[in-house]
Amino acid sequence: MNVVNQDVISKMNIAGTVLEKFTDKEFDGEVVIPTWVKEISSEAFMECKISGVVIRCSCERIGNYAFDSCESLSDVYYGGTEEQWSGISIGYTPVKHPSQ
């Protein structure tokens, strides 16, 4: 089970249910998106050095280029089913379903 790290949450600009920006471009660990986040904004993680991301099944939208130029991003985990993943509105982003 992936646990949300409070130190990592403090590096996220979250407005209501929208993760607008991850502010620490040098952070090189795994980011667990909190369950209350329903949208990851365009360019939210652009050029960050994160190695992995856990996207909860509560996420309904991923904006354009949300993970663009994340050269170290090697692991993407999704907490729902492939059918739920298919229901997410995803703008242009190099992130695909983890099974692909």
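User: What pattern does the chain follow, read along the sequence?
Analyst: This is a predicted model: local features need pLDDT of at least 70, side-chain atom pairs count only at pLDDT 80 or more, and totals for chains, interfaces and linings use all residues. Residues are numbered from 1 along each chain as its sequence is written, and side-chain values use heavy atoms, with hydrogens and water left out. Helices (H or I, at least four residues) and strands (E, at least two) are DSSP runs, numbered from the N terminus. Read in that direction, the pattern is α-β-β-β-β-β-β-β-α-β.

User: Which residue in β7 stands opposite V53?
Analyst: β5 (52–55) and β7 pair in the parallel sense over 4 bridges. Opposite V53 stands V76.

User: Which residue has its backbone oxygen 2.5 Å from a polar atom of the S58 side chain?
Analyst: S58 lies in the loop between β5 (52–55) and β6 (61–62). Contact means heavy atoms within 4.5 Å. Leaving out residues up to four places away in sequence, S58 touches P34, T35, V37 and K38. The backbone oxygen at 2.5 Å belongs to T35.

User: Why does T17 count as partly exposed?
Analyst: T17 sits in the loop between β1 (12–15) and β2 (18–22). Buried means under 20% relative accessible area, exposed over 50%, and partly exposed in between (1.4 Å probe, protein chains only). T17 counts as partly exposed because its relative accessibility is 35%.

User: What distance separates the C-alpha atoms of T17 and I40?
Analyst: T17 touches W36, V37, K38 and E39, not counting residues up to four places away in sequence. T17 and I40 are 23 residues apart along the chain. Their C-alpha atoms are separated by 8.9 Å.

User: What share of the residues of the chain count as buried?
Analyst: The chain has 100 residues. The buried share is 41%.

Methods:
A polar contact is a pair of N or O atoms within 3.5 Å; within protein, one must be able to donate a hydrogen and the other to accept it, and residues adjacent in sequence count only if both atoms are side-chain atoms. Two strands pair if DSSP finds at least two bridges between them.
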